[in-house]
Amino acid sequence: MTTPLAGRKALVTGAASGIGEAVARALAEAGALVVVADLNGEDATRVADDIGGEAWQVDLSDTAALADLTLDVDILVNNAGIQHVSPIEGFDPAKFHHILGLMLESPFLLVRAALPHMYAGGYGRIINISSVHGLRASEFKSAYVAAKHGLEGLSKVTALEGGPHGVTSNCVNPGYVRTPLVDRQIAEQAIAHGIPESEVIEKVMLTGSAIKRLLEPAEVADLVLWLSGATASMVTGASYTMDGGWSAR
């Protein structure tokens, strides 16, 4: 088994399930020591024990607690996120604030905490799990779309500042991935659009996609793994869509 990331330490947020868990497992298999960060401490410990990593139970929406954080990691994967589907006029302002804190302010604070170590070592890989909604918009997802668009901008600024120090920063932009988050969205979208749950994937989620299937978490992890390695040293400030052709229209 090759271990191209041997000696590297990685932090993956939202890593107790879904995309984050798949990424944590892929990085660990490549030799990295992975910190599995998640609000769910029990599941974070389960994944960390399974891959020989470390568990970090953390509420990333508590941004005040992250202000003085320092991180000695070489790879940072900002993945943690939630979704809330609602028309703007009925969108709870507290929910909007919560989503922006978790999905935009928190990644900023983690990047800020990790850069000094990365700069000192002359190596860093920051991978932001954005979304096709970081490049396009859909109705009823104002907070999520706003957060992901902001994450795209943060990633590009990080790429410009980090380049001279051996640090790259990129976004991965999946379409709908087979995760618990998407499972919950199916029910929410059915209510928002007034259709049965059985029709949501075809009529709402994948209506503009050339490939009519959900993306698998392991497929996202493959791209993150490449972006984390030495052969991606000239790839920075980029956004990689994995949306079955949805954004090609």
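The model is predicted: local features need pLDDT of at least 70, side-chain atom pairs count only at pLDDT 80 or more, and totals for chains, interfaces and linings use all residues. Residues are numbered from 1 along each chain as its sequence is written, and side-chain values use heavy atoms, without hydrogens and water.

**Helix H1**

- Helix H1 covers residues 18–29; helices are DSSP runs (H or I, at least four residues), numbered from the N terminus.
- Because 10 of its 12 residues are buried, H1 is largely enclosed by the rest of the structure; buried means under 20% relative accessible area (1.4 Å probe, protein chains only).
- Among the buried residues of H1 are Glu21, Val23 and Leu27.

**Largest pocket**

- The largest pocket holds about 790 Å³ of space; a pocket is an open set of points on a 1 Å grid over the protein atoms alone, where a 1.4 Å probe fits, with protein on both sides within 12 Å along at least five of seven lines. Volume is the space filled by probe spheres set on the points, which are joined across faces, edges and corners.
- H5 (180–193) gives the most to this lining, with 5 residues; lining residues have an atom within 4 Å of a point.

**Second largest pocket**

- The volume of the second largest pocket is about 190 Å³.
- Ser209, Arg213, Met242, Asp243 and Gly244 are the closest to its centre of the 15 lining residues.

Definitions and conventions: Helix = DSSP H or I, 4+ residues; strand = E, 2+ residues; numbered from the N terminus. Expected span 1.5 Å × (residues − 1). Buried < 20%, exposed > 50% of the residue type's maximum accessible area, 1.4 Å probe, protein only.
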